[in-house]
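Good morning, and thank you for coming. Please look at the model on the screen, and we shall begin with a pair of strands.

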Amino acid sequence: MSPTHVWIPVVFYWLPMLIFFFMGMDVLLRNPKRTEHRLVSATILCYFLMFLEEYFRYMLPMEYSPLLAAVWFSNVGILIPGLGFHLIARLIGLHKRMRRPWYPYLFHILILAIPAGLISQRSYTSVELFTVSGVWKWPVANGAYYGTLTASLLLSFIPIAMLRSARKWSAADPDYQKHDGIFKLLEYGSWVTFLWVAVFGYFRFNEVLPPYTYIYGGLIWCFVLRLSMQRYEFLNHAGHRYKKMFQINSQAALLVSLNGDIKEANPSADKMFGRLVPGKTNLASLGGAEIVTKLKEQDDIGELEMVLHSGDNQIEAMINGDYVTVDHELHAVLLIRDIRLRNQHLRQIAFMAYHDPLTGLPNRRQFYDKLEEALTEAGQTGGELAILLLDLDRFKQVNDRWGHEAGDQMLCKVAALIHQLVQPDGLAARFGGDEFVMFCPVGAEGLTAAELERRLQAAAAQATLDYEGNVLKIDMSAGLSLYPQDGSAPDALLRQADKRMYAIKRGLAEGNHEI
(Lines give C-alpha, C1' and ligand atoms only; values in the text may rest on other atoms or scores of the structure.)
Protein backbone atom coordinates (compact mmCIF):
# COMPACT_ATOMS: atom_id res chain seq x y z
CA MET A 1 0.00 0.00 0.00
CA SER A 2 1.44 3.35 -1.05
CA PRO A 3 1.52 6.43 1.25
CA THR A 4 -1.07 8.00 -1.03
CA HIS A 5 -3.60 5.34 -0.05
CA VAL A 6 -2.97 6.22 3.60
CA TRP A 7 -3.27 9.98 3.69
CA ILE A 8 -6.07 10.33 1.09
CA PRO A 9 -8.79 8.70 3.26
CA VAL A 10 -7.50 10.55 6.32
CA VAL A 11 -7.57 13.98 4.67
CA PHE A 12 -10.61 13.62 2.42
CA TYR A 13 -12.87 11.40 4.54
CA TRP A 14 -11.83 10.86 8.15
CA LEU A 15 -11.02 14.51 8.88
CA PRO A 16 -14.38 15.79 7.52
CA MET A 17 -16.18 13.01 9.42
CA LEU A 18 -14.46 14.04 12.66
CA ILE A 19 -15.52 17.64 12.03
CA PHE A 20 -19.10 16.56 11.36
CA PHE A 21 -19.10 14.37 14.46
CA PHE A 22 -17.87 17.23 16.63
CA MET A 23 -20.39 19.73 15.23
CA GLY A 24 -23.29 17.28 15.47
CA MET A 25 -22.60 16.31 19.06
CA ASP A 26 -21.98 19.93 20.04
CA VAL A 27 -25.36 21.04 18.70
CA LEU A 28 -27.28 18.06 20.05
CA LEU A 29 -25.84 18.12 23.56
CA ARG A 30 -26.46 21.84 23.92
CA ASN A 31 -30.21 21.27 23.97
CA PRO A 32 -31.29 17.73 23.00
CA LYS A 33 -34.96 18.44 23.78
CA ARG A 34 -35.43 21.22 21.23
CA THR A 35 -36.63 20.24 17.78
CA GLU A 36 -34.35 22.80 16.12
CA HIS A 37 -31.23 21.27 17.65
CA ARG A 38 -32.35 17.77 16.67
CA LEU A 39 -32.95 18.82 13.07
CA VAL A 40 -29.49 20.39 12.79
CA SER A 41 -27.89 17.33 14.37
CA ALA A 42 -29.78 15.06 11.95
CA THR A 43 -28.59 17.16 8.99
CA ILE A 44 -24.99 16.90 10.16
CA LEU A 45 -25.44 13.16 10.66
CA CYS A 46 -26.61 12.82 7.06
CA TYR A 47 -23.47 14.50 5.78
CA PHE A 48 -21.39 12.30 8.11
CA LEU A 49 -23.05 9.20 6.62
CA MET A 50 -22.47 10.42 3.06
CA PHE A 51 -18.74 10.84 3.74
CA LEU A 52 -18.67 7.46 5.46
CA GLU A 53 -20.24 5.90 2.37
CA GLU A 54 -17.64 7.59 0.16
CA TYR A 55 -14.89 6.23 2.37
CA PHE A 56 -16.23 2.68 2.03
CA ARG A 57 -16.63 3.15 -1.72
CA TYR A 58 -13.04 4.38 -1.95
CA MET A 59 -11.77 1.35 -0.03
CA LEU A 60 -13.90 -1.32 -1.77
CA PRO A 61 -13.63 -2.55 -5.35
CA MET A 62 -15.52 -0.54 -7.95
CA GLU A 63 -18.23 -3.18 -8.45
CA TYR A 64 -19.67 -2.13 -5.07
CA SER A 65 -20.00 1.53 -6.07
CA PRO A 66 -23.42 1.34 -7.82
CA LEU A 67 -25.00 -0.46 -4.87
CA LEU A 68 -23.51 1.86 -2.25
CA ALA A 69 -24.44 4.94 -4.26
CA ALA A 70 -28.01 3.79 -4.84
CA VAL A 71 -28.88 2.37 -1.43
CA TRP A 72 -26.77 4.53 0.84
CA PHE A 73 -25.47 7.76 -0.70
CA SER A 74 -28.55 8.86 -2.66
CA ASN A 75 -31.10 7.89 0.01
CA VAL A 76 -29.22 9.77 2.72
CA GLY A 77 -28.98 12.76 0.36
CA ILE A 78 -32.76 12.72 -0.07
CA LEU A 79 -33.20 13.36 3.67
CA ILE A 80 -31.15 16.58 3.74
CA PRO A 81 -33.54 19.01 1.90
CA GLY A 82 -36.51 17.99 4.06
CA LEU A 83 -34.50 18.51 7.24
CA GLY A 84 -33.46 21.95 5.97
CA PHE A 85 -37.05 22.95 5.10
CA HIS A 86 -38.27 21.73 8.47
CA LEU A 87 -35.55 23.60 10.36
CA ILE A 88 -36.12 26.92 8.64
CA ALA A 89 -39.88 26.59 9.07
CA ARG A 90 -39.27 26.23 12.82
CA LEU A 91 -36.90 29.17 12.99
CA ILE A 92 -39.20 31.58 11.12
CA GLY A 93 -42.33 30.42 12.98
CA LEU A 94 -44.04 28.93 9.93
CA HIS A 95 -44.84 25.74 11.84
CA LYS A 96 -47.19 27.71 14.10
CA ARG A 97 -49.36 28.65 11.15
CA MET A 98 -49.55 25.20 9.61
CA ARG A 99 -51.96 22.49 10.63
CA ARG A 100 -51.38 18.80 10.78
CA PRO A 101 -50.82 16.69 8.73
CA TRP A 102 -49.22 19.42 6.61
CA TYR A 103 -46.72 20.05 9.38
CA PRO A 104 -44.17 18.53 9.43
CA TYR A 105 -44.82 15.88 6.75
CA LEU A 106 -45.00 18.35 3.86
CA PHE A 107 -41.31 19.18 4.36
CA HIS A 108 -40.27 15.53 4.12
CA ILE A 109 -42.34 14.50 1.12
CA LEU A 110 -39.13 13.74 -0.84
CA ILE A 111 -38.61 10.72 1.43
CA LEU A 112 -41.26 8.93 -0.65
CA ALA A 113 -38.58 8.48 -3.30
CA ILE A 114 -36.76 6.03 -1.01
CA PRO A 115 -39.48 3.35 -0.76
CA ALA A 116 -40.35 3.96 -4.41
CA GLY A 117 -36.78 3.14 -5.40
CA LEU A 118 -36.61 0.10 -3.14
CA ILE A 119 -39.90 -1.27 -4.48
CA SER A 120 -38.98 -0.73 -8.12
CA GLN A 121 -35.38 -1.80 -7.47
CA ARG A 122 -34.27 1.24 -9.39
CA SER A 123 -32.62 4.38 -8.11
CA TYR A 124 -34.05 7.62 -9.43
CA THR A 125 -31.41 9.79 -7.81
CA SER A 126 -28.07 8.08 -8.48
CA VAL A 127 -25.98 6.88 -11.37
CA GLU A 128 -25.23 3.23 -11.96
CA LEU A 129 -22.01 3.59 -13.95
CA PHE A 130 -18.60 4.51 -12.51
CA THR A 131 -15.15 4.89 -14.03
CA VAL A 132 -11.68 4.89 -12.53
CA SER A 133 -9.71 8.13 -12.75
CA GLY A 134 -6.44 7.94 -10.87
CA VAL A 135 -7.20 6.83 -7.33
CA TRP A 136 -10.85 7.86 -7.60
CA LYS A 137 -13.97 6.02 -8.73
CA TRP A 138 -15.98 8.75 -10.46
CA PRO A 139 -19.67 8.42 -11.38
CA VAL A 140 -20.42 8.78 -15.07
CA ALA A 141 -21.91 12.23 -15.64
CA ASN A 142 -25.07 11.19 -17.45
CA GLY A 143 -28.66 12.44 -17.39
CA ALA A 144 -29.43 10.95 -13.96
CA TYR A 145 -26.37 12.67 -12.49
CA TYR A 146 -27.11 16.14 -13.88
CA GLY A 147 -30.85 15.78 -13.31
CA THR A 148 -30.37 14.97 -9.64
CA LEU A 149 -27.84 17.79 -9.23
CA THR A 150 -30.09 20.34 -10.94
CA ALA A 151 -33.12 19.28 -8.88
CA SER A 152 -31.06 19.61 -5.72
CA LEU A 153 -30.00 23.15 -6.67
CA LEU A 154 -33.57 24.15 -7.52
CA LEU A 155 -34.78 22.82 -4.18
CA SER A 156 -32.14 24.91 -2.41
CA PHE A 157 -33.95 28.05 -3.61
CA ILE A 158 -36.93 27.18 -1.39
CA PRO A 159 -35.15 27.77 1.96
CA ILE A 160 -33.46 30.86 0.47
CA ALA A 161 -36.88 32.27 -0.46
CA MET A 162 -38.27 31.37 2.97
CA LEU A 163 -35.40 33.17 4.70
CA ARG A 164 -35.67 36.21 2.43
CA SER A 165 -39.39 36.52 3.20
CA ALA A 166 -38.75 36.04 6.91
CA ARG A 167 -36.21 38.87 6.92
CA LYS A 168 -38.74 41.22 5.32
CA TRP A 169 -41.62 40.63 7.74
CA SER A 170 -39.37 40.22 10.77
CA ALA A 171 -38.49 43.92 10.47
CA ALA A 172 -42.10 44.72 11.46
CA ASP A 173 -42.46 41.93 14.01
CA PRO A 174 -40.77 42.73 17.37
CA ASP A 175 -40.87 39.08 18.35
CA TYR A 176 -38.66 38.10 15.40
CA GLN A 177 -36.51 41.20 14.94
CA LYS A 178 -33.89 39.64 17.22
CA HIS A 179 -33.74 36.61 14.85
CA ASP A 180 -32.90 38.71 11.80
CA GLY A 181 -29.18 38.04 12.30
CA ILE A 182 -29.82 34.30 12.22
CA PHE A 183 -31.97 34.58 9.10
CA LYS A 184 -29.25 36.62 7.38
CA LEU A 185 -26.52 34.15 8.35
CA LEU A 186 -28.55 31.19 7.06
CA GLU A 187 -29.40 32.98 3.83
CA TYR A 188 -25.79 33.85 3.10
CA GLY A 189 -24.72 30.33 4.07
CA SER A 190 -27.32 28.93 1.66
CA TRP A 191 -25.99 31.05 -1.19
CA VAL A 192 -22.36 30.04 -0.54
CA THR A 193 -23.34 26.37 -0.35
CA PHE A 194 -25.42 26.74 -3.53
CA LEU A 195 -22.47 28.21 -5.43
CA TRP A 196 -20.12 25.50 -4.13
CA VAL A 197 -22.47 22.71 -5.22
CA ALA A 198 -23.05 24.34 -8.61
CA VAL A 199 -19.35 24.86 -9.34
CA PHE A 200 -18.08 21.51 -8.11
CA GLY A 201 -21.12 19.60 -9.31
CA TYR A 202 -21.22 20.76 -12.92
CA PHE A 203 -17.45 21.07 -13.37
CA ARG A 204 -15.32 17.99 -12.67
CA PHE A 205 -11.84 19.61 -12.92
CA ASN A 206 -10.36 16.72 -14.92
CA GLU A 207 -11.51 14.36 -12.17
CA VAL A 208 -8.42 15.03 -10.03
CA LEU A 209 -10.60 15.86 -7.03
CA PRO A 210 -12.58 13.31 -4.98
CA PRO A 211 -15.88 12.14 -6.49
CA TYR A 212 -18.95 14.11 -5.49
CA THR A 213 -16.75 17.05 -4.53
CA TYR A 214 -19.86 19.15 -4.11
CA ILE A 215 -20.72 17.34 -0.85
CA TYR A 216 -17.81 19.17 0.77
CA GLY A 217 -20.13 22.16 0.65
CA GLY A 218 -21.85 20.35 3.51
CA LEU A 219 -18.96 21.47 5.73
CA ILE A 220 -19.88 25.07 4.97
CA TRP A 221 -23.60 24.50 5.45
CA CYS A 222 -23.21 22.54 8.69
CA PHE A 223 -20.78 25.12 10.08
CA VAL A 224 -23.38 27.82 9.35
CA LEU A 225 -26.10 25.69 10.98
CA ARG A 226 -23.98 25.17 14.11
CA LEU A 227 -23.19 28.87 14.36
CA SER A 228 -26.87 29.71 13.86
CA MET A 229 -27.87 27.32 16.64
CA GLN A 230 -25.36 28.94 18.98
CA ARG A 231 -26.95 32.33 18.31
CA TYR A 232 -30.45 30.87 18.46
CA GLU A 233 -29.63 29.20 21.75
CA PHE A 234 -28.38 32.52 23.11
CA LEU A 235 -31.65 34.21 22.14
CA ASN A 236 -33.60 31.29 23.51
CA HIS A 237 -31.71 31.51 26.80
CA ALA A 238 -32.44 35.23 26.83
CA GLY A 239 -36.11 34.37 26.39
CA HIS A 240 -35.84 31.93 29.28
CA ARG A 241 -34.21 34.65 31.38
CA TYR A 242 -37.08 37.00 30.65
CA LYS A 243 -39.58 34.24 31.42
CA LYS A 244 -37.75 33.53 34.68
CA MET A 245 -37.85 37.23 35.54
CA PHE A 246 -41.59 37.15 34.78
CA GLN A 247 -42.05 34.20 37.13
CA ILE A 248 -39.93 35.45 40.07
CA ASN A 249 -41.07 39.08 39.91
CA SER A 250 -42.34 40.11 43.33
CA GLN A 251 -45.06 42.16 41.63
CA ALA A 252 -48.07 40.45 40.13
CA ALA A 253 -47.41 40.03 36.39
CA LEU A 254 -49.93 39.05 33.73
CA LEU A 255 -49.54 38.29 30.03
CA VAL A 256 -52.84 39.25 28.42
CA SER A 257 -54.26 39.40 24.91
CA LEU A 258 -55.67 42.64 23.52
CA ASN A 259 -59.20 41.55 24.40
CA GLY A 260 -58.21 41.10 28.04
CA ASP A 261 -57.86 37.31 28.18
CA ILE A 262 -55.18 36.28 30.68
CA LYS A 263 -52.65 34.01 28.95
CA GLU A 264 -50.12 33.67 31.77
CA ALA A 265 -49.93 34.69 35.42
CA ASN A 266 -46.88 34.56 37.65
CA PRO A 267 -47.04 33.21 41.24
CA SER A 268 -47.41 36.72 42.67
CA ALA A 269 -50.51 37.26 40.53
CA ASP A 270 -51.95 33.93 41.64
CA LYS A 271 -51.37 34.98 45.24
CA MET A 272 -53.02 38.36 44.70
CA PHE A 273 -56.12 37.13 42.85
CA GLY A 274 -56.32 33.51 43.83
CA ARG A 275 -55.59 30.78 41.33
CA LEU A 276 -56.00 32.24 37.82
CA VAL A 277 -56.77 29.85 34.99
CA PRO A 278 -54.94 31.04 31.84
CA GLY A 279 -57.24 31.25 28.85
CA LYS A 280 -60.41 31.20 30.97
CA THR A 281 -60.15 34.46 32.92
CA ASN A 282 -60.64 37.93 31.49
CA LEU A 283 -59.48 41.17 33.10
CA ALA A 284 -63.04 42.49 32.88
CA SER A 285 -64.17 39.79 35.32
CA LEU A 286 -61.59 41.14 37.79
CA GLY A 287 -62.96 44.67 37.49
CA GLY A 288 -60.51 45.76 34.82
CA ALA A 289 -62.96 46.80 32.09
CA GLU A 290 -61.18 50.16 31.78
CA ILE A 291 -57.83 48.57 31.03
CA VAL A 292 -59.43 46.15 28.53
CA THR A 293 -60.65 49.22 26.64
CA LYS A 294 -57.13 50.62 26.63
CA LEU A 295 -55.74 47.30 25.42
CA LYS A 296 -58.16 47.15 22.50
CA GLU A 297 -57.18 50.69 21.50
CA GLN A 298 -53.48 49.93 22.21
CA ASP A 299 -53.23 52.98 24.45
CA ASP A 300 -50.26 53.53 26.73
CA ILE A 301 -50.58 51.81 30.08
CA GLY A 302 -48.65 53.61 32.79
CA GLU A 303 -49.36 54.45 36.42
CA LEU A 304 -52.99 53.43 35.94
CA GLU A 305 -54.91 53.21 39.22
CA MET A 306 -58.05 51.15 39.50
CA VAL A 307 -59.91 48.86 41.89
CA LEU A 308 -59.77 45.17 40.98
CA HIS A 309 -61.64 42.30 42.60
CA SER A 310 -60.39 39.06 44.05
CA GLY A 311 -63.50 37.21 45.12
CA ASP A 312 -65.13 39.42 47.74
CA ASN A 313 -61.94 41.40 48.31
CA GLN A 314 -61.15 44.67 46.61
CA ILE A 315 -57.61 45.43 45.51
CA GLU A 316 -56.52 49.01 44.94
CA ALA A 317 -54.00 48.48 42.17
CA MET A 318 -51.39 50.47 40.27
CA ILE A 319 -50.89 49.01 36.79
CA ASN A 320 -48.00 49.52 34.42
CA GLY A 321 -47.65 47.66 31.16
CA ASP A 322 -46.22 47.46 27.69
CA TYR A 323 -46.99 45.63 24.49
CA VAL A 324 -45.06 42.58 23.27
CA THR A 325 -45.48 40.17 20.37
CA VAL A 326 -45.94 36.53 21.32
CA ASP A 327 -46.42 33.89 18.61
CA HIS A 328 -46.94 36.65 16.02
CA GLU A 329 -49.81 38.12 18.06
CA LEU A 330 -49.71 41.37 20.00
CA HIS A 331 -50.08 40.96 23.76
CA ALA A 332 -49.45 43.11 26.82
CA VAL A 333 -47.41 42.41 29.93
CA LEU A 334 -49.01 44.05 32.96
CA LEU A 335 -47.28 44.63 36.29
CA ILE A 336 -49.82 45.08 39.07
CA ARG A 337 -48.89 46.58 42.41
CA ASP A 338 -51.19 46.46 45.43
CA ILE A 339 -51.36 50.06 46.69
CA ARG A 340 -53.97 49.60 49.39
CA LEU A 341 -51.48 50.30 52.17
CA ARG A 342 -50.08 53.31 50.32
CA ASN A 343 -53.55 54.72 49.69
CA GLN A 344 -54.49 54.07 53.28
CA HIS A 345 -51.53 56.16 54.40
CA LEU A 346 -52.39 58.87 51.89
CA ARG A 347 -56.00 58.93 53.04
CA GLN A 348 -54.82 59.13 56.62
CA ILE A 349 -52.51 62.01 55.79
CA ALA A 350 -55.28 63.78 53.88
CA PHE A 351 -57.68 63.16 56.75
CA MET A 352 -55.22 64.57 59.27
CA ALA A 353 -54.75 67.65 57.09
CA TYR A 354 -58.46 68.48 57.21
CA HIS A 355 -59.70 66.83 60.40
CA ASP A 356 -59.19 66.98 64.12
CA PRO A 357 -57.27 63.85 65.17
CA LEU A 358 -59.16 63.45 68.47
CA THR A 359 -62.79 63.93 67.50
CA GLY A 360 -62.63 63.22 63.78
CA LEU A 361 -64.49 66.45 63.03
CA PRO A 362 -63.27 68.79 60.30
CA ASN A 363 -60.60 71.19 61.51
CA ARG A 364 -60.38 74.97 61.14
CA ARG A 365 -58.92 74.72 57.62
CA GLN A 366 -61.69 72.55 56.22
CA PHE A 367 -64.36 74.52 58.04
CA TYR A 368 -63.26 77.77 56.37
CA ASP A 369 -63.16 76.09 52.94
CA LYS A 370 -66.65 74.62 53.34
CA LEU A 371 -68.05 77.82 54.84
CA GLU A 372 -66.76 79.80 51.84
CA GLU A 373 -68.54 77.39 49.53
CA ALA A 374 -71.76 77.54 51.58
CA LEU A 375 -71.69 81.36 51.63
CA THR A 376 -71.16 81.50 47.87
CA GLU A 377 -74.09 79.15 47.31
CA ALA A 378 -76.30 81.08 49.74
CA GLY A 379 -75.39 84.32 47.96
CA GLN A 380 -76.43 82.84 44.62
CA THR A 381 -79.71 81.37 45.89
CA GLY A 382 -80.62 84.16 48.36
CA GLY A 383 -80.61 81.73 51.27
CA GLU A 384 -79.61 82.22 54.88
CA LEU A 385 -76.85 80.55 56.85
CA ALA A 386 -76.55 80.18 60.60
CA ILE A 387 -73.12 80.04 62.24
CA LEU A 388 -72.89 78.70 65.78
CA LEU A 389 -69.80 79.04 67.94
CA LEU A 390 -69.77 76.75 70.98
CA ASP A 391 -67.52 76.62 74.02
CA LEU A 392 -67.53 74.21 76.98
CA ASP A 393 -68.01 75.75 80.42
CA ARG A 394 -65.77 74.66 83.28
CA PHE A 395 -63.88 72.30 80.99
CA LYS A 396 -60.63 73.07 82.78
CA GLN A 397 -62.12 71.87 86.05
CA VAL A 398 -63.09 68.58 84.42
CA ASN A 399 -59.51 68.05 83.26
CA ASP A 400 -58.11 69.03 86.65
CA ARG A 401 -60.45 66.82 88.65
CA TRP A 402 -60.99 63.78 86.42
CA GLY A 403 -57.94 63.89 84.19
CA HIS A 404 -57.31 64.46 80.50
CA GLU A 405 -58.84 61.15 79.52
CA ALA A 406 -62.18 62.33 80.87
CA GLY A 407 -61.70 65.65 79.07
CA ASP A 408 -60.97 63.88 75.78
CA GLN A 409 -64.07 61.71 76.13
CA MET A 410 -66.15 64.79 76.84
CA LEU A 411 -64.83 66.50 73.69
CA CYS A 412 -65.68 63.43 71.61
CA LYS A 413 -69.17 63.34 73.14
CA VAL A 414 -69.78 66.96 72.20
CA ALA A 415 -68.36 66.38 68.72
CA ALA A 416 -70.83 63.53 68.09
CA LEU A 417 -73.71 65.64 69.43
CA ILE A 418 -73.14 68.71 67.23
CA HIS A 419 -72.26 66.57 64.18
CA GLN A 420 -75.65 64.89 64.43
CA LEU A 421 -77.33 68.22 65.08
CA VAL A 422 -76.35 69.88 61.77
CA GLN A 423 -76.86 66.83 59.54
CA PRO A 424 -77.49 66.46 56.65
CA ASP A 425 -76.85 69.92 55.21
CA GLY A 426 -74.55 71.56 57.75
CA LEU A 427 -71.02 71.07 59.00
CA ALA A 428 -69.57 70.91 62.51
CA ALA A 429 -65.86 71.41 63.26
CA ARG A 430 -63.46 71.69 66.15
CA PHE A 431 -61.37 74.84 66.21
CA GLY A 432 -59.14 73.68 69.02
CA GLY A 433 -59.25 73.20 72.81
CA ASP A 434 -62.89 73.14 73.88
CA GLU A 435 -64.09 75.39 71.08
CA PHE A 436 -66.42 74.08 68.39
CA VAL A 437 -68.12 75.75 65.46
CA MET A 438 -70.85 74.77 63.02
CA PHE A 439 -72.90 76.20 60.18
CA CYS A 440 -76.23 75.16 58.75
CA PRO A 441 -78.56 76.53 56.05
CA VAL A 442 -81.71 78.01 57.58
CA GLY A 443 -84.82 79.59 56.13
CA ALA A 444 -88.55 79.92 56.29
CA GLU A 445 -89.14 76.73 54.33
CA GLY A 446 -86.86 74.59 56.46
CA LEU A 447 -84.98 74.76 59.73
CA THR A 448 -84.96 78.26 61.22
CA ALA A 449 -82.11 79.79 63.17
CA ALA A 450 -84.29 79.88 66.29
CA GLU A 451 -85.15 76.21 65.90
CA LEU A 452 -81.48 75.32 65.42
CA GLU A 453 -80.53 77.21 68.57
CA ARG A 454 -83.38 75.61 70.48
CA ARG A 455 -82.26 72.14 69.44
CA LEU A 456 -78.75 72.88 70.56
CA GLN A 457 -79.93 74.11 73.95
CA ALA A 458 -82.14 71.04 74.38
CA ALA A 459 -79.29 68.74 73.49
CA ALA A 460 -76.92 70.60 75.80
CA ALA A 461 -79.37 70.40 78.69
CA GLN A 462 -79.38 66.59 78.45
CA ALA A 463 -75.69 66.16 77.61
CA THR A 464 -73.86 64.03 80.15
CA LEU A 465 -70.79 61.82 80.18
CA ASP A 466 -70.63 58.50 82.03
CA TYR A 467 -67.02 58.29 83.19
CA GLU A 468 -65.91 55.46 85.49
CA GLY A 469 -69.33 55.25 87.09
CA ASN A 470 -69.68 59.00 87.50
CA VAL A 471 -72.15 61.08 85.53
CA LEU A 472 -70.50 64.31 84.44
CA LYS A 473 -72.72 67.18 83.28
CA ILE A 474 -71.57 68.82 80.05
CA ASP A 475 -72.10 72.57 80.21
CA MET A 476 -71.69 74.67 77.08
CA SER A 477 -72.34 78.15 75.80
CA ALA A 478 -73.12 79.04 72.18
CA GLY A 479 -73.30 82.19 70.13
CA LEU A 480 -75.13 82.50 66.82
CA SER A 481 -74.73 84.77 63.81
CA LEU A 482 -76.66 84.87 60.54
CA TYR A 483 -75.70 85.42 56.96
CA PRO A 484 -76.35 87.90 55.44
CA GLN A 485 -77.72 89.91 58.38
CA ASP A 486 -74.52 89.80 60.47
CA GLY A 487 -71.99 89.91 57.63
CA SER A 488 -70.92 88.25 54.43
CA ALA A 489 -67.37 87.15 55.23
CA PRO A 490 -66.48 84.12 57.37
CA ASP A 491 -64.36 86.10 59.85
CA ALA A 492 -67.08 88.73 60.33
CA LEU A 493 -69.71 86.09 60.99
CA LEU A 494 -67.47 84.20 63.41
CA ARG A 495 -66.61 87.40 65.30
CA GLN A 496 -70.28 88.18 65.70
CA ALA A 497 -71.01 84.63 66.94
CA ASP A 498 -68.05 84.90 69.32
CA LYS A 499 -69.36 88.20 70.79
CA ARG A 500 -72.78 86.74 71.44
CA MET A 501 -71.31 83.57 72.97
CA TYR A 502 -69.22 85.54 75.43
CA ALA A 503 -72.16 87.83 76.17
CA ILE A 504 -74.10 84.72 77.18
CA LYS A 505 -71.14 83.51 79.25
CA ARG A 506 -70.94 86.87 81.08
CA GLY A 507 -74.67 86.78 81.68
CA LEU A 508 -74.39 83.31 83.20
CA ALA A 509 -71.42 84.35 85.29
CA GLU A 510 -73.23 87.42 86.65
CA GLY A 511 -76.35 85.34 87.38
CA ASN A 512 -74.28 82.80 89.29
CA HIS A 513 -72.50 85.61 91.14
CA GLU A 514 -75.85 87.17 92.24
CA ILE A 515 -77.02 83.81 93.43
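Strand β8, residues 384–392, pairs with β13 in the antiparallel sense over eight bridges; pairing here requires that DSSP finds at least two bridges between two strands. Leu388 has Leu480 of β13 as its bridge partner.

A word on the source: this is a predicted model, in which local features need pLDDT of at least 70 and side-chain atom pairs count only at pLDDT 80 or more, whereas totals for chains, interfaces and linings use all residues. Residues are numbered from 1 along each chain as its sequence is written, and side-chain values use heavy atoms, with hydrogens and water left out.

How many residues of strand β13 are buried? Eight of the eight, across residues 476–483, where buried means under 20% relative accessible area with a 1.4 Å probe, protein chains only. In a regular strand, side chains alternate between the two faces of the sheet. In β13 both faces are covered: Met476, Ala478, Leu480 and Leu482 are buried on one side, and Ser477, Gly479, Ser481 and Tyr483 on the other.

Let me turn to the whole chain. It holds 17 helices and 13 strands, taken as DSSP runs of H or I with at least four residues and of E with at least two, numbered from the N terminus. Of its 515 residues, 45% are buried. The C-alpha atoms fill a box of roughly 150 × 50 × 35 Å along the principal axes. Residues 24 or more positions apart supply 60% of the contacts with a separation of 6 or more, a contact being heavy atoms within 4.5 Å.

Conventions. Buried means under 20% relative accessible area, exposed over 50%, partly exposed in between (1.4 Å probe, protein chains only).
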